[in-house]
Number of protein chains: 6
Amino acid sequence: MRPIKITPNIIKNADGSVLYESGNTEVICTATFESKVPEWLQDSGWITAEYSMLPASTNSRVTREITRGKKNARSQEIQRLIGRALRGSANLEKMPGISIYVDCDVINADGGTRTASINGGYLAIALALKSKYPDLYNQGILTPVSAISVGKVDGKIVDDLDYIQDSAAEVDLNIVMNSDFNLIEIQGTGEKGTFSNEELNQMLDLGKKCIKNIFDEQIKVLKS
Amino acid sequence: MRPIKITPNIIKNADGSVLYESGNTEVICTATFESKVPEWLQDSGWITAEYSMLPASTNSRVTREITRGKKNARSQEIQRLIGRALRGSANLEKMPGISIYVDCDVINADGGTRTASINGGYLAIALALKSKYPDLYNQGILTPVSAISVGKVDGKIVDDLDYIQDSAAEVDLNIVMNSDFNLIEIQGTGEKGTFSNEELNQMLDLGKKCIKNIFDEQIKVLKS
Amino acid sequence: MRPIKITPNIIKNADGSVLYESGNTEVICTATFESKVPEWLQDSGWITAEYSMLPASTNSRVTREITRGKKNARSQEIQRLIGRALRGSANLEKMPGISIYVDCDVINADGGTRTASINGGYLAIALALKSKYPDLYNQGILTPVSAISVGKVDGKIVDDLDYIQDSAAEVDLNIVMNSDFNLIEIQGTGEKGTFSNEELNQMLDLGKKCIKNIFDEQIKVLKS
Amino acid sequence: MRPIKITPNIIKNADGSVLYESGNTEVICTATFESKVPEWLQDSGWITAEYSMLPASTNSRVTREITRGKKNARSQEIQRLIGRALRGSANLEKMPGISIYVDCDVINADGGTRTASINGGYLAIALALKSKYPDLYNQGILTPVSAISVGKVDGKIVDDLDYIQDSAAEVDLNIVMNSDFNLIEIQGTGEKGTFSNEELNQMLDLGKKCIKNIFDEQIKVLKS
Amino acid sequence: MRPIKITPNIIKNADGSVLYESGNTEVICTATFESKVPEWLQDSGWITAEYSMLPASTNSRVTREITRGKKNARSQEIQRLIGRALRGSANLEKMPGISIYVDCDVINADGGTRTASINGGYLAIALALKSKYPDLYNQGILTPVSAISVGKVDGKIVDDLDYIQDSAAEVDLNIVMNSDFNLIEIQGTGEKGTFSNEELNQMLDLGKKCIKNIFDEQIKVLKS
Amino acid sequence: MRPIKITPNIIKNADGSVLYESGNTEVICTATFESKVPEWLQDSGWITAEYSMLPASTNSRVTREITRGKKNARSQEIQRLIGRALRGSANLEKMPGISIYVDCDVINADGGTRTASINGGYLAIALALKSKYPDLYNQGILTPVSAISVGKVDGKIVDDLDYIQDSAAEVDLNIVMNSDFNLIEIQGTGEKGTFSNEELNQMLDLGKKCIKNIFDEQIKVLKS
């Protein structure tokens, strides 16, 4: 598993922020709070996520979505995953009338940007709660959440795929868990192959180990 | 599990088509072949899927995407899943230069529209191959693929969730398998709860049984 | 004139619906009622129509409007015609505060889709009124409306043009009439030729006969 | 019928142009020639029209289409009519490889802007042909075309409706004819009423008289 | 400096309007008043400008912004300049609750369209105030504003650049001044060269002379 | 003047990059090279700039442009300025066939983001040339360029305005100079006041001093 580096409070104007690095993957995650929720929500709060890549974050420049005029479908899929994962870790009923926007902007991409976004997004919310809403923070409205990608490359189960591994993988599985190691979300795809129930369980076991490490790093940041 | 009804060749102008019904969920799936592939593909074919809902397919009318001016994020996510599932069941190298567009238009929605789209989409391609490209069909470039949703509702594992069950579900899991019961895709979400590894395996077991039934229905259509 | 086939109540979630077939042309027409009118309307109701083609409804696949990013101009023109025709058949003052959305989705196209949409759209509204708003229905807020295309092909006046005739027509005339055979709308175009006042009257005479037939079919559906 | 005023060559950079005034309705019509036709055309030329209103051309300011982000449906319908009318007056086979863009920009609107656009658009093309393509002009590739609106207001047949009449009209009929008084296009709508075949013929008779006047004015401009 | 020609009240439906000509550059400027201001404004009025070019206003036809689907970046930049210039000449606090839309539509372009728009836009507002809001006009809520472009062409300082000069200019400088010859806005660009502080002052001196002439013309129009 | 901090090579996947900080303003500037130029360019290279703000870079969250569906007008204006400034510092004829994309993504905003973008953008290009195109770099195809904002706040001339000063400024002037202290671009606006020629010269003098400091910092980075 690649080394993790977390730099808290990197964006001064954000309510909460981290630079989350996993190997060469670097994502700026910020949390912004607003006292307004979508109309269809009652007596509850809301968390929404947006995911975007800086044009120069990949090997060949990515055209900005606004230049193409449409939101990239992959980005949409990823930000829906991040939003579900973070809502799955929060007790939204305990924060009525509050919306949290989590922005995940990839500044350098080398595989695993969606799981880095979940890990960093959780921290951005937690840091914002800690410094600006200590009452909510102490009520424990947010339970820890961590995510990792595992996969099958050349027939072997591997963890934390970088860009080269990801491009060659037969199977790619993203796992999101809470601190009891229960699943919040699981997404596995076999575009270049299939996978058995047994392989799924092997990947889950490996993922669980990675997630334990990530929890430890997240806790260090929040304790400091 | 709800009754399945499959009406082949429902759209005269399509290369292949079915009306796929699962309970009150009804999806028109069509396959259109074009002799042109995306530039970045070499020596290979391609399958792409589009998913859309008729405005009156749900209880309260859904505004058309073109009226809102943007593709719905949920639709994007679903059509990416359908595309991956169908590509996962095809031997794209054996159909160089051919693109297949699979259009899944939901005419009535009652839960499970994405898995119905995969099941119907596979049939639309197979029917088109059978009638228009018998050589490719006989080469077996397409292996069967089936999908089902299972979930946890009120703490119990249930299969083939309808709209009311889906709205109340703690966990929603979509499973896509080939005819060897290996996984092509798995997507599970616990927005209102989490799920253990054991529960995941229970859901997979139940899903496998449903998928067996669906394969039987699909084979009947192709044999007739 | 091609055979007409009308299947009522085809979409379960719609307030009213029909599958309207004229030869190989097939259109799903639905009516959805909402208790809300545009701001600029006072003491009145409103009827609006949307027309769209499924991608596989034509010989070569039609790109979805949302993919192109703009509403197709031909569709706009057609749905404005449908809306005017249906408003022309309704007594909007008698249904204040009610909007009716008529969605016409062409699932197979073989000429005459706009007139099929008017004929089916009228039925979708009438069926919705009959089953859900019997008071309004009995007040007769809706008077019958029917439409047909006639034209000049190879110098001869013909009715109910299919796709091949339409492509070759010198003149294409769409006629919308109420049950007194008064005109609600007339649209005639001579892209490949012109037409005299006399020819216009011949086409109107022929159209009137077709419309009589269509009224008979519509009444049968509503009486059953 | 309101007075017509035609000012030729009003836009220096255009290939051909007129300011066409009918009462208080004022439209700038320009023709621009390009040596390039749409791909699907072979051995033929093409004429396309665009119609737009200046924001201050109406009583209450009209938001620009680019600000709303979508082409106005009424404008689409109108520019399709203008395009058909002008193509109907041209011998496109005699101008292979040439596209003519006709831009109709309404600078002041008081009813009848679409028919003014057709009348002015024809002149813009003719003036451009005369000064820049005398060979094509002398071959007579363009036959005269004129248009007028007539209608039924308070039960009476009236010609050349201004904005106030148009708003009150039971029936609005737009007629496009060539110089033999054959119809190129006819569009009649009865949103607030219906009209009989006999009334249609009365309106056509009145329209024919107006069109005779317009032809006279158009010829004067081209002869000078 | 090229001859200026100002035709007031050219658009009947506008609150105020001019056709402003500077050589072959011709811009229709209109002012429309609305009793509604953006939400974020309190106790103040607002002036906003929109700039657009007719498709045939330039040598080769300009595609409409709505056809491209996005506002042209150059137009955006220009209309922001016009808006700032006109707000800089108005006492917005004295017109609380009033928004003025200034529309500048270039009908023929030969260099200097943005400064012509400012000069004409000021007049359109002043004429609207004079005829419709004489109280505000007499309070002097608007102070005169004029604009001119100067530049360096072939090493020489020149004023009022036409299209050919502008295309060849090393430096292009737009100056906006009030009637005390104080600067409201200055924008200078040296894409094909640079310019010294001294040259900047020479260009300013020349611009001041031009602006004096423009003020004289503007006053003539308002006095008549 | 606020302290400047420049961190080179901050984005691994970019050809050249810096994090440019001026006080609390922080901008990631990257340069990406492509071997392809716009069609209308011959025998020349091209430099284009894009400017964007991260949603959490300001006090209240900025909605992403893709969410609004249109490029922000202020961003357009700024990125056009950055592009002109950088092209003004390059000898484009010496790099035929090469396009350079300069992306300026503001991660924290506290005034002066556009001038920081120019200063950082120049460095990103220079670093890319130095490491990847040493031949071009040694030919001196790029001459230094620096930019600073000065202004008038409470009647006094001040340099390097932060957000609070900028919001209160009577005059805001952005100056772009090359290393000979000749002007490449000047943009001054007096929305809340005007400024005399003399004040303009005072602001230029102050700006020149700031620019000298910035050049020193830029040179340090390039020499290291």
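Leaving aside residues up to four places away in sequence, F:Leu200 touches E:Leu183, E:Ile186, E:Leu200, E:Leu204, F:Leu173, F:Ile186 and F:Phe195, where contact means heavy atoms within 4.5 Å. The model is predicted, so local features need pLDDT of at least 70 and side-chain atom pairs count only at pLDDT 80 or more, while totals for chains, interfaces and linings use all residues. Residues are numbered from 1 along each chain as its sequence is written, chains are lettered from A in the order in which they are written, and side-chain values use heavy atoms, without hydrogens and water.

F:Leu200 also belongs to the largest nonpolar core, which has 127 residues; E:Ile125, E:Leu200, F:Ile125 and F:Leu200 touch the most other members. Such a core is a set of buried Ala, Val, Leu, Ile, Met, Phe, Trp, Tyr and Cys residues joined through side-chain atoms within 4.5 Å; buried means under 20% relative accessible area (1.4 Å probe, protein chains only).

In chain F, the axes of helix H3 (residues 113-132) and helix H6 (residues 197-223) come within 11 Å and cross at roughly 25°. The two helices are therefore roughly parallel, a term for angles under 35 degrees. Helices are DSSP runs (H or I) of at least four residues, numbered from the N terminus. H3(F) passes H6(F) in a right-handed crossing. The contact involves F:Asn119, F:Tyr122, F:Leu123, F:Ala126, F:Leu127 and F:Lys130 of H3(F), together with F:Ile214, F:Gln218, F:Val221, F:Leu222 and F:Lys223 of H6(F).

In chain C, C:Arg114 lies in helix H3 (residues 113-132). C:Arg114 is buried, its relative accessible area being 17%.

Methods: Axes fitted to C-alpha atoms, helices over the stretch in contact; angles between N-to-C directions. Parallel < 35°, antiparallel > 145°, perpendicular 65-115°, else oblique. Left-handed = near helix turned anticlockwise from the far one by under 90°. Buried < 20%, exposed > 50% of the residue type's maximum accessible area, 1.4 Å probe, protein only.
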